[in-house]
Amino acid sequence: MIRVLVADDHTIVRETLVAALDASGECMVVGQAADGIEAVDQCLRLQPDIAIVDISMPRLNGIEVVRRLRADLPQMRILVLTMHQEEEYVLHMLRAGAAGYLRKDAAMAELLEAVRALGGGGLHFGAHATRAMAMQVQQARPMPADPYRDLSPREREVFHLIVDGLTTKEIALRLDIGIKTAENHRQRVFAKLDVRNAAELVRYAARNHLID
Amino acid sequence: MGMAADSANVGELGRRIDDLMRQHAALLTQLQQDQHRTRHLARSVWRIEEEARRRIARELHDGVGQNLVALMRQLDVISAGLPAAATAGREGLLRARELVQLTLDDTRSLSRLLRPQILDDLGLESALRWLARSIEGLAVTLELPEQLPEISDEISTLIFRVSQEALSNASRHSGATQVKVALNAHANGQWIRLEIDDNGRGCELSQALSAGREGHGSGLGGMRDRIDLFDGKLDLQSTPGKGFRISIELPLRSAMRNDP
């Protein structure tokens with residue numbers, strides 16, 4: 001049986017969804033979360049096959065939830081179930097790593113189809129999401145650049161040393177540069193990759209397969 | 001004797017002029033303070049209005065809208081539980097579901113009309129892309145820099161509202177078919193410039209500025225007032241028959257930002 005976690009801050013929506021999923025006999029709801037932080041914690045603890053995640057949630061929004069879960073539980077599939085149908089939301093979630101995207105008013109039959117698809121390791125996108133992706137391809141808007149490729153050779157060296165767990169002082173020693181220079185490199189790497197600390201940098205590296 | 005009287009008069013006159021100058025200076029200060037206060041108040045009013053729109057929009061979308069979604073899910077569950085022979089019952093539930101769907105779509109449109117959530121959730125760039133796509137009958141090209149500077153919520157809202165107003169004018173009144181919206185930062189990221197060009201009929205500027213004034217502060221006149229409040233500049237260019245061009249510039253760090 002497919003093990004599912006449901007994260008939605010709207011109690012009635014969450015409970016009716018849980019009841020409908022349980023009643024289907026195709027999956028089992030193993031956990032529920034009412035905000036983004038709880039969603040991440042519950043997923044880490046329960047390790048479901050699929051997390052069904054809303055976008056607008058208190059404490060941590062769905063986009064950030066998907067990013068974190070993709071980094072920490074790469075084998076788990078994430079289905080976004082949301083009120084939002086605009087192209088931009090779809091693309092944001094897709095880039096964050098969602099394996100499926102449905103509007104909340106999707107018929108139960110389609111929702112179950114998505115659960116089956118993701119449960120089997122596949123993908124499922126509703127009509128709106130599919131159209132959004134088609135528009136993206138046809139308009140050929142540039143996908144966001146790969147920030148790692150924008151790092152200078154020196155910054156890449158610093159990047160990998162941080163990933164290896166070296167402190168700024170150790171990096172300065174290793175590369176035979178001043179501590180201040182090493183710190184500048186470090187700050188620039190953080191800024192270019194849009195991360196705040198070494199832990200996030202390591203997650204970035206893992207997500208982008210930049211670690212051996 | 002006459003000389004002494006004259007110099008006494010001159011002295012008196014001097015004192016009076018000094019007095020008048022002092023009064024003038026005091027009045028000027030008072031006026032400036034009042035103006036400052038009025039601007040501050042007007043900004044607060046605008047901020048509160050946007051905040052109210054944000055709240056009602058969210059309540060409609062996430063409150064009413066989600067209840068409707070839960071209702072649809074309930075109908076699905078009831079329908080799935082009906083015996084196979086209950087076709088009439090299933091038909092009735094399907095029609096009920098359709099009605100809920102229509103109500104949900106209306107609720108969504110109403111919410112977006114008040115304030116699109118995308119602006120708060122995904123930021124100005126996504127909101128502008130969505131806006132550019134959502135205006136019917138108008139081909140909108142969007143030119144955005146690769147990296148927008150950090151823009152406060154208020155300025156983002158203002159840029160979005162000006163774009164919305166301009167695109168809506170272009171689509172409703174100007175007969176334009178193409179519009180270009182360009183946003184870029186300049187002066188070391190201290191200012192942001194928004195330019196909107198259409199290929200419509202154009203119009204007399206004085207007419208354009210007074211239109212919409214009497215209403216609810218929308219229209220170009222209202223736009224100018226708002227931009228003024230944020231120490232920005234508005235430049236309009238139009239020749240009848242040759243399109244319309246709106247250009248606004250806004251300081252990213254307003255001098256009034258830290259007012260009490």
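Two strands are taken to pair if DSSP finds at least two bridges between them, while helices (H or I, at least four residues) and strands (E, at least two) are DSSP runs numbered from the N terminus. The model described here is predicted, so local features need pLDDT of at least 70 and side-chain atom pairs count only at pLDDT 80 or more, whereas totals for chains, interfaces and linings use all residues. Residues are numbered from 1 along each chain as its sequence is written, chains are lettered from A and ligands numbered from 1 in the order in which they are written, and side-chain values use heavy atoms, with hydrogens and water left out.

**The sheet of chain A**

In chain A, six strands with parallel pairing form an open sheet in the order β2-β1-β3-β4-β5-β6. Because β2 (27-33) and β6 (124-125) of chain A stand at the edges with a single partner strand each, one side of each is left without a neighbour in the sheet. Within this sheet, strand β3 (residues 50-53) of chain A and strand β4 (residues 77-82) of chain A are joined in the parallel sense over four bridges, and A:Ile52 is found opposite A:Leu79 in β4(A).

Helix α1 (residues 11-24) of chain A packs on the sheet, where it touches β1 (2-7), β2, β3 and β4 of chain A, and its direction makes about 160° with that of β2(A). Helix α2 (residues 36-46) of chain A lies across β1, β2 and β3 of chain A and runs at about 135° to β2(A). For these angles, axes are lines fitted to C-alpha atoms, for helices over the stretch in contact, and the angles run from 0 to 180 degrees between N-to-C directions; contact means heavy atoms within 4.5 Å.

**A buried valine in chain A**

A:Val90 belongs to helix α4 (residues 87-96) of chain A and, at 1% relative accessibility, counts as buried. The accessibility classes are buried for under 20% relative accessible area, exposed for over 50% and partly exposed in between, with a 1.4 Å probe and protein chains only. When neighbours within four places in sequence are left aside, A:Val90 is in contact with A:Gln85, A:Tyr101, A:Ala129, A:Ala132 and A:Met133.

Over all chains, the whole structure holds 41 salt bridges, a salt bridge being a side-chain nitrogen of Lys or Arg within 4 Å of a carboxyl oxygen of Asp or Glu. Three of them are set out below.

| Salt bridge | N to O distance |
|---|---|
| B:Arg37 and B:Asp34 | 3.7 Å |
| B:Arg115 and B:Glu50 | 2.9 Å |
| B:Arg54 and B:Glu51 | 3.0 Å |

B:Arg37 and B:Asp34 are three residues apart in helix α1 (residues 2-81) of chain B, and are therefore separated by about one helical turn; B:Arg37 is exposed at 52% relative accessibility, whereas B:Asp34 is partly exposed at 33%. In the salt bridge between B:Arg115 and B:Glu50, B:Arg115 lies in the loop between α2 (87-114) and α3 (117-121) of chain B and B:Glu50 in helix α1 of chain B, so the pair ties together parts that are 65 residues apart in sequence. B:Arg115 is buried at 2% relative accessibility, and B:Glu50 is buried at 5%.

B:Arg54 and B:Glu51 both lie in helix α1 of chain B, three residues or about one turn apart, with B:Arg54 partly exposed at 23% and B:Glu51 partly exposed at 29%. A network of salt bridges links B:Glu50, B:Glu51, B:Arg54, B:Arg55, B:Arg115, B:Asp120 and B:Arg161.
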